[in-house]
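Please look over the structure shown below before reading the numbered points. They are written for a reader who is new to protein models.

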Amino acid sequence: MGKVIAIANQKGGVGKTTTTMNLGAGLVNEGKRVLLVDSDPQASLTMCLGIQEPDKLENTIVDFIDKIVNEKEIPDGFGILHTELGVDLIPANIELSGAEISLTSAMSRELIYRSFIEPLKKKYDYILIDCMPSLGLLTINALASADSVLIPVQAAYLPVKGLQQLIKTISTIKKRLNENLQFEGILLTIVDARTNYAKDIITEVQKSYGEKIHIFQTNIPLSVKASETTAMAKSIYDYDPKGKAAAAYAAVTKEVLEHGN
């Protein structure tokens, strides 16, 4: 059975999509079967994987939600795209905003994702869910269906301060909806290691959360190349294979594999 990891943080701009894409590519490089799930109406992950007009897609995550809500069967292979990165993808588009609103009246509304993700665990070693930057119903669904949650956090004061609310939400979901949910870990991103400010933030995160939550040994460095990958529809391994960001994501991939064993 595959492992489901939600990549979540209610703060935008912390590297969720970049991490989802490059961790997925890293796991493929390690011989794993990987499915990425875009759970953000902005469809950033979908576009990062080379789909420039997601609004024209025939099937997206909205259609999975619709089939579960209306108790319709999901055909084998339905709605899953194969990408040049070697990962498979359940894409998203702006229709997902409307789907979130319609979910508010659905039966077992927090468990819709689990209904279509659980059967897919037989086909993949890892399923990574790129969550939207909020703690709304879509993110709750992702966390309720996940085995673990990976939290990318920019090495800056405000993103770190917002961790408390996210961790509280995760703990509530663990108590009420998903008793098996674990912390994959906190991944510090966009780290400018040259500054004392970044070093102080890293120390603060380790001091505040290190006893209860795994802190990844590897930090993702501040890198123009890493941010450019999202526009180039390439993983960091293809775009800048010898760069510091590629080495960092490869190390994070190894940590995830070790954590899963």
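The points below take up the basis of the model, its pockets, its salt bridges and a few individual residues.

1. Basis of the model. This is a predicted model, in which local features need pLDDT of at least 70 and side-chain atom pairs count only at pLDDT 80 or more, whereas totals for chains, interfaces and linings use all residues. Residues are numbered from 1 along each chain as its sequence is written, and side-chain values use heavy atoms, with hydrogens and water left out.

2. The largest pocket. Rolling a probe the size of a water molecule over the atoms shows where empty space is left. A pocket is an open set of points, on a 1 Å grid over the protein atoms alone, where a 1.4 Å probe fits and protein lies on both sides within 12 Å along at least five of seven lines; lining residues have an atom within 4 Å of a point. The largest pocket has a volume of about 400 Å³, a volume being the space filled by probe spheres set on the grid points, which are joined across faces, edges and corners. Its lining has 24 residues, and Gly13, Val14, Gly15, Lys16 and Thr18 lie nearest the centre. At least two lining residues come from each of helix 1 (16–29), helix 2 (44–48), strand 5 (126–131) and helix 10 (224–232). Helices (H or I, at least four residues) and strands (E, at least two) are DSSP runs, numbered from the N terminus.

3. The second largest pocket. Here the volume is about 200 Å³. Of its 14 lining residues, Ile74, Pro75, Phe116, Pro119 and Leu120 are the closest to the centre. Helix 3 and helix 5 each supply at least two residues of this lining.

4. Side chains of opposite charge can pair when their charged atoms come close. The model contains 9 salt bridges, each a side-chain nitrogen of Lys or Arg within 4 Å of a carboxyl oxygen of Asp or Glu. One of them joins Arg33 and Asp125 (3.2 Å, N to O). Arg33 lies in the loop between helix 1 and strand 2 (34–39) and Asp125 in the loop between helix 5 and strand 5, so the pair ties together parts 92 residues apart in sequence.

5. Lys121 counts as buried at 8% relative accessibility, where buried means under 20% relative accessible area, exposed over 50% and partly exposed in between (1.4 Å probe, protein chains only).

6. A buried charge. Glu255, in helix 12 (residues 244–260), is buried yet has no salt bridge. The nearest side chain of opposite charge (Lys and Arg count as positive, Asp and Glu as negative; His and the chain ends are not counted) is Lys254, 11 Å away.

7. Backbone angles. Glu71 is not a glycine, yet its phi is positive, about 55°. Glu71 is exposed, with a relative accessible area of 75%. Ser108 likewise has a positive phi, near 50°, and is partly exposed at 43% relative accessibility.
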